[in-house]
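Let's take a walk through this one together, a piece at a time. Have the viewer open and follow along.

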Amino acid sequence: MLRVLRAAPLPLALVALVALTGVALGRVYAPGLLPRLVIGAAVGSVLVSVAARRLPSWLVAPLSVAGLAGYAAWSLRVAADAAGLPGSLAEVTADAARNGIPRLLTAMIPVEPTPDTVLVPLVAAWLAGLAGAEVALRAGRVLLGYLPPALLYAGALYVVGPNADPAIWPTVAFAAVAAVGLALPSRGPGPSGPDPTVGLAPGVRAAVRVRLAATTAAGLVVVVGLAALLGPVVAGRVDDRPVDPRRYVEPPQVESLDENPLIRISGWALNPRQKLLDVTTRRPGTPAGAPDPARTPAGSTGPADGGRPDAGASPGESAGPDSGDGPGDGDGGRSERIRLAVLSDYDGVTWRVGATYRNAGRILPATESAPGATVETVRQEITVADLSGRLLPAVATPREVSGARVAYDPQTGTLIRPEGLTPGLRYTVTSAAERPDNNLLATADVPAGDEVARVLRVADGVPDPVRRLAAQLAEDNGAPYARAAAIEQFLAEHYRVVADAPSGHAYPNLNFFLFGPRNGGGQRGTSEQFAAAFAVLGRLVGLPTRVVVGFSSGGDGPVRAADAFAWPEVLFSGLGWVPFDPLPRPDDEPRPVEEDFRPTPEDPPPSEVPEPTLEPTETPPAQAGPARPVDSGGVSTPVLVGGGAGGLLLVVGAALAVLVALRRARSRARLSTGDPGRRIAGAWRELTDALRLAGRPVGGDLAATEVAERARAALAEARAGRTGAGTDPVPAPVPAVDELAGLLNQVAFAPGSASEAQADLAAALATDYVTALRAARPRWRRLLWSVHPGPLHWPT
C-alpha cells in the first residue's frame with residue numbers, strides 16, 4: 001500500500017495537467033460536457049500506461065489506441081444524444097472525423113459540445129496523456145514527460161484566442177501541479193538509481209560531487225538568465241490581444257439569392273399558390289390539437305396579392321407593434337411573422353444580409369430583452385416544401401433549433417442551413433417573441449454613433465426628389481416615432497400593392513416607384529419597393545432602419561408564396577427593433593402623390609440583377625498518430641529518444657498536418673468555389689503565393705503581364721539550377737501564365753464576362769505552374785513548401 005501511495009503523485013499530476021487543458025478550452029464551450037470528457041480522456045490514457053507498465057513498451061501504444069477508440073465512440077454517442085443529433089454512431093463518427101477541425105474553428109461561441117466539436121480535443125488529450133505517461137513513468141524523465149501536456153495546454157489557449165477572459169487560475173494551477181509532480185516524483189517500475197559516488201575513493205567522491213554541484217549551478221544560472229531576458233518580453237505581451245485562429249477558416253457563406261432574398265418577392269408574388277412550408281405552432285399552455293390563438297381567420301388575404309397582415313387597423317394605427325401583427329400580440333385574428341432574413345446593408349443598388357454566420361449547436365446565444373417588453377415563447381415545427389436556398393425560416397428571435405444543423409448570425413438573428421434546404425426537411429425552432437411596450441414609443445429616441453452606423457448609412461447617389469420627400473415628411477415630425485409613422489402613412493395612402501411589379505430596389509427603381517406616372521407603371525409595386533422605400537426614407541431622416549423578408553403564417557398549416565412579404569424595422573433606444581407596415585389596405589384607393597408632392601418623374605429603370613455568388617468553404621480535418629513508446633528497463637538512451645522525441649514529434653506532426661489541411665483547403669476554395677471571376681482571381685493569388693514561397697515576391701504595383709513575365713523567369717531560373725545539378729536533364733514545358741494574366745485582366749476590366757470554362761482553365765494553369773515551380777525547387781525546399789504558414793495570413 002505504501003508503495004502505491006509513493007507511486008501515485010506523478011500519475012495524478014499528469015492527469016491533472018491534461019485535465020486542466022479541458023478546463024482552459026471549456027471557457028469557449030457551453031458549460032458541462034467538454035471538461036468532463038477531457039478529464040475522462042486524461043484518466044484513461046494515464047491509467048492504461050500505469051496498468052501496462054510491466055508489459056513490453058511496444059504493446060502499450062496498440063492497447064492505448066484501442067482504449068482511445070472505445071472511449072471516443074462512447075463520448076461521441078453521449079455528445080450526440082446531449083445535442084439531439086440524429087444518425088447512427090458510424091454516421092456521427094464519420095461526420096465528426098471529416099469536419100472536426102473546420103467546425104471547431106467556425107463554431108459560434110459558446111460552442112455546443114457536439115461530436116464534431118469534441119472529437120479533436122478528446123483525441124489530443126488522450127495522446128498527450130499517453131506520451132507524457134510513457135516518458136515520465138516508464139523512462140523516468142518527469143520534466144520531459146510534461147512537454148506533451150504543456151504543448152496541449154498551449155494549443156488550447158491558442159484555440160480560445162481572444163474569445164474568453166485570460167485563463168489565470170487554470171494556468172497558475174497548471175504550474176502548481178507541475179511543481180508538485182517534480183517535487184514528489186513517483187518511483188518508476190525499475191529499481192532506484194544508486195548514489196553515483198558510492199564505492200569511490202574520498203578524493204574522487206569529492207570531485208564528482210563538486211562536478212555535480214557545478215553542473216546544477218550552471219543549469220540554475222541558465223534558467224535564471226532566460227527568465228531575466230524573457231520575463232520582460234513576456235510581461236509586455238500580457239495585455240496584447242491574442243491571435244484568433246478562426247480568421248484562417250472562412251465561416252459558412254451563402255449565394256446571391258440568400259444574400260439578397262428581397263429580389264425573390266416579385267417571383268413569389270407571381271406564383272401565389274406555390275407551397276413553401278408547412279408550419280405547426282405551439283405556445284406554453286396550448287394543448288396539442290387545440291386551435292392556436294395566432295391563427296388567421298379563414299379567407300384572409302396574404303400580403304403578396306394585395307393584402308396586409310394588419311387589415312383590421314387604420315393607417316394611423318398600423319405603425320409597428322400597434323398593427324397587431326407582431327409576435328406576442330393577444331389579438332386572436334393576427335398572423336405570425338416568420339422571419340427569413342434581415343437585410344442591414346444598402347449600397348444604393350442592393351439590400352444585403354451582410355451576416356457572418358457561425359456554426360451553432362442546438363442552443364443559440366440568448367440576447368437581453370428590452371426593458372418592459374413582453375416576451376412569449378413560440379415553438380414551431382416547420383417542414384420545408386418548395387423553399388430553396390440556405391436561409392432557414394424562424395420566428396424572431398430563435399433560441400433553440402433541433403432537427404437540422406444550423407449556422408447563426410447573432411447580430412441579425414438570421415439562420416442558415418449550410419447544406420441547403422431540401423424538400424421534406426423538418427426541424428423544430430423555439431423562439432422568444434418579443435413585443436415592446438407601445439406606451440413608450442411616442443417618446444422613444446433612436447441610438448447614434450459607430451454601433452449603429454451600419455443601419456444609418458446612406459449610400460451616395462440619392463435622387464433629389466427622394467431627399468426632398470424625406471425632408472418634407474420630417475418637417476412637422478420631430479420625434480423619431482412620429483417621423484417613422486409619417487413615412488409609413490405616406491406610403492400606405494399614396495401607393496398601390498400589385499403582384500406583377502418588376503423586381504428592383506436601387507435608387508432609380510425607388511425614385512420611379514415613388515414619383516413615376518401612374519399610367520406608366522409608377523406608384524405601384526410589391527412589398528419589396530414599399531419596405532425598401534421606407535428604409536431609405538427613414539435613414540434620410542436619421543432613423544436606423546433595416547429590411548426584413550419573411551412570411552405571414554396563420555399559426556398552423558401551409559405557408560405559400562402569397563404569404564411572402566418584406567417589412568421595414570426601426571431601432572429605438574431601450575425598445576429594440578420595432579416592425580412597421582407601410583402596405584396599404586386592399587380596398588383603399590391611393591391618393592395621387594401629386595396632391596402632396598410634385599417632383600419631376602423619370603423613366604422606369606431596368607430590373608435589378610442579382611449579385612455574384614459567395615462560396616462556402618470547407619476544411620478537411622487532420623489527425624496525427626500516437627508516438628511509439630520506449631522499451632522498459634530503466635533510464636537509457638533508447639527510452640529517452642523513443643519516448644521524449646516521440647511525444648514531441650507527435651505534437652509537431654499534428655501541427656504540420658493541420659497546416660497542410662488548411663493550405664489545401666485555402667487552395668481548393670480559391671480554385672473551385674464561387675463565380676468565374678472569383679475563381680480566376682483565386683487562381684492568380686495561387687500563382688503569386690507560389691512566387692513568394694519561391695523567394696520571388698511581386699509587388700502590387702506591377703501589371704498582370706509583368707507578373708507573368710517574372711513568373712516565367714522564376715521558373716526558368718529554378719529549372720536551370722536543377723539542370724546544372726544534373727537532376728532535370730529533360731526540359732519541361734512552361735505553363736501559359738500569359739494566358740492566366742489575360743483572364744485576370746478580363747475579369748478586372750469586364751466584370752461578369754468570364755465563363756465557367758475560363759475559370760476551369762485558370763485553375764488548371766495556376767495548378768500547373770505551382771506544380772512546376774515546386775518541382776524545380778531543391779528536395780528539402782519542396783518538403784517545406786506545403787507546410788509554410790505564409791499563404792494563410794498573407795494579404796490577398
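Start with helix 15, whose buried residues are covered by, among others, strand 3 (345–346), helix 13, helix 14, strand 13 (524–525) and helix 16. Helices here are DSSP runs of H or I with at least four residues, strands are runs of E with at least two, and both are numbered from the N terminus. Helix 15 is mostly covered, with eight of its nine residues buried; "buried" means under 20% relative accessible area, as against over 50% for exposed and partly exposed in between, using a 1.4 Å probe and protein chains only. The buried ones are Y507, N509, L510, N511, F512, F513, L514 and F515.

A word on what you're looking at: this is a predicted model, where local features need pLDDT of at least 70, side-chain atom pairs count only at pLDDT 80 or more, and totals for chains, interfaces and linings use all residues. Residues are numbered from 1 along each chain as its sequence is written, and side-chain values use heavy atoms, with hydrogens and water left out.

Now move along to the loop between helix 15 and strand 13, where you'll find Q523. Phi of Q523 is near 60°, a positive value in a residue that isn't glycine. Q523 counts as buried because its relative accessibility is 3%.

Next up is helix 14, which runs over residues 480–494. Helix 14 has 15 residues and reaches 22 Å from its first C-alpha to its last, close to the 21 Å expected at 1.5 Å a residue; that expected span is 1.5 Å times one less than the number of residues. Eleven of the 15 residues are buried, so helix 14 is largely enclosed by the rest of the structure. Look for P480, Y481, R483, A484, A486, I487, E488, F490, L491, A492 and H494 on the buried list. The cover over these residues includes helix 13 (464–475), helix 15 (507–515), helix 16 and strand 16 (564–572).

The axes are lines fitted to C-alpha atoms, for helices over the stretch in contact, and angles run from 0 to 180 degrees between N-to-C directions. The crossing is right-handed, the label used if the near helix is turned clockwise from the far one by less than a right angle, with anticlockwise being left-handed. Which residues of helix 14 and helix 16 meet? A484, I487, E488 and L491 in helix 14 meet F530, A533, F534, L537 and G538 in helix 16, where contact means heavy atoms within 4.5 Å. By class, that contact has seven nonpolar, one polar and one charged residues. Here Ala, Val, Leu, Ile, Met, Phe, Trp, Tyr, Cys and Pro count as nonpolar, Asp, Glu, Lys and Arg as charged, and the others, Gly among them, as polar.

Strand 2 and strand 14 (residues 545–553) pair over seven bridges, and L343 has V547 in strand 14 as its bridge partner.

A second open sheet, also antiparallel, takes four strands in the order 5-9-10-7, with strand 5 (358–360) and strand 7 at the edges. Inside it, strand 9 (residues 406–409) and strand 10 (residues 414–416) are joined by three bridges, and D409 stands opposite T414. In the loop between strand 7 (391–392) and strand 8 sits T397, joined to A396 by a cis peptide bond with omega about 0°.

Then find strand 11 (residues 426–435): seven of its ten residues are buried, so strand 11 is largely enclosed by the rest of the structure. Strand 6 (residues 374–384) runs antiparallel to strand 11, joined by ten bridges, with Q380 partnered by V429. Strand 8 (residues 398–402) is also antiparallel to strand 11, through four bridges, and S402 stands opposite T428.

Finish at P735, in the loop between helix 19 (704–724) and helix 20 (737–749). P735 is buried, with a relative accessible area of 12%. Leaving aside neighbours within four places in sequence, P735 is in contact with L715, L765, D768, Y769 and A772. P735 and L715 are 20 residues apart in sequence and 9.5 Å apart in space, C-alpha to C-alpha.

Conventions:
Pairing = 2+ DSSP bridges.
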